[in-house]
Amino acid sequence: MFNYRRLRAFLVGWMLLVPLLLAAEPSAATAIEGSRSDRHVDVGRSVMRARSWLLSASPPVVRRMVLGHSVLGRPIIAFRLGDPESQTTILVVGCIHGNECAGIAIARSLIAAPPADIDLWVIRNLNPDGFRAGTRQNGRGVDLNRNFPFQWRPFGRPWDKEYSGSHPLSEPEDRIARRWIARVQPDVSIWFHQPLALVVRSAGDITIQRRFAKRVGLPLVRLKGRYPGSVTSWQNHWHPEAAAFVVELPSGSLSTVAVHRYANAIVHAAR
């Protein structure tokens, strides 16, 4: 299989190396005064410095893993990007409601151009069955964002809009997310929904939420009402030092410009 990452690293390396080679070439006056062997030594030293820099530079890490499977057996996949040694860990989930999935484009953008200085985890789609069927619920008719254990309560019947399931974490998708989040312990978690076009103010770090909302040009709003069994409520209760919040994208698909704007805001969210 052709290794595109090595090719990209090779090309980037030569782009960085050429200016160093040019800078090492002496001026006309120096060339007259200096010997040819001196010039060769200077160029050789520049090449060695550039080679050493390229070898020591750590490219962004991209690791793909299957966390588990949905009700109907579809894989739920996570990508680890950037620097695993970073002090900042960010989680991004592109879709949890199967009919609110514009965030998948943002997740794909992050995977295609991973950051180099943060530990970024991306799940493109936590609800592949609902996405395939075009339903808010998963393959068993459960609203995955009402099935987490914090303040869970029974509500509705299968395929009702906010059916909370037979008991907390009754759904494999949510058990996968809970287990994985407890292991990773992200400092910032961003869950994409639609179609309200706002950032939902949560109990987490308000500074990060304000910074993100300003970068993407959406209002930061505290919604009225209660949302029992939501994943962000569970996260903020379980790990109050971190920030987990919902981003409600506008309806429809996102433009390329919008996708890049959201991706850049995520990368800078905790800096």
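This is a predicted model: local features need pLDDT of at least 70, side-chain atom pairs count only at pLDDT 80 or more; totals for chains, interfaces and linings use all residues.
Elsewhere, a disulfide links Cys-95 to Cys-101, and the buried His-97 sits in the loop between β3 and α4.

**β8 and its strand partners**

- On the parallel side, strand β5, residues 188-193, is joined to β8 by 6 bridges.
- Val-188 stands opposite Ala-243 of β8 in the pairing.
- Since 7 of the 8 residues of β8 are buried, the strand is largely enclosed by the rest of the structure.

**The largest pocket**

- The largest pocket holds about 700 Å³ of space.
- Its lining counts 30 residues, and those closest to the centre are Val-200, Leu-223, Tyr-227, Ser-230 and Thr-232.
- Sorted by class, the pocket lining has 10 nonpolar, 11 polar and 9 charged residues.

**The cavity**

- The structure has 1 cavity of 30 Å³ or more, and the space in the largest cavity comes to about 50 Å³.
- Residues lining the largest cavity include Ile-181, Gln-185, Pro-186 and Ser-189, together with Trp-238, His-239 and Ala-242.
- Ala-243, the residue of β8 that stands opposite Val-188, is also part of the cavity lining, as is Ala-244.
- By class, the cavity lining is made of 6 nonpolar and 5 polar residues, with no charged residues.

**The disulfide**

- You will find 1 disulfide in the structure.
- For orientation, a disulfide is a covalent bond between the sulfur atoms of two cysteines.
- Here the bond joins Cys-95 to Cys-101, with an S to S distance of 2.0 Å.
- Buried means under 20% relative accessible area, so Cys-95 counts as buried at 0%.
- Cys-101, at 13% relative accessible area, is buried as well.

- His-97 lies in the loop that runs between β3 (89-93) and α4 (103-112).
- With a relative accessible area of 3%, His-97 is buried.
- Setting aside neighbours within four places in sequence, His-97 is in contact with Asn-127, Thr-135, Arg-136, Asp-143, Asn-145 and His-193.
- α4 is itself mostly covered, with 7 of its 10 residues buried.
- Those buried residues of α4 are Gly-103, Ile-104, Ile-106, Ala-107, Ser-109, Leu-110 and Ile-111.

Technical notes: Residues are numbered from 1 along each chain as its sequence is written. Side-chain values use heavy atoms; hydrogens and water are left out. Helices (H or I, at least four residues) and strands (E, at least two) are DSSP runs, numbered from the N terminus. Buried means under 20% relative accessible area, exposed over 50%, partly exposed in between (1.4 Å probe, protein chains only). Contact means heavy atoms within 4.5 Å. On a 1 Å grid over the protein atoms alone, a cavity is a set of points where a 1.4 Å probe fits but cannot get out, and a pocket is an open set with protein on both sides within 12 Å along at least five of seven lines; lining residues have an atom within 4 Å of a point. Grid points are joined across faces, edges and corners, and a volume is the space filled by probe spheres set on the points. Ala, Val, Leu, Ile, Met, Phe, Trp, Tyr, Cys and Pro count as nonpolar, Asp, Glu, Lys and Arg as charged, and the others, Gly among them, as polar. A disulfide is a pair of cysteine sulfur atoms within 2.5 Å. Two strands pair if DSSP finds at least two bridges between them.
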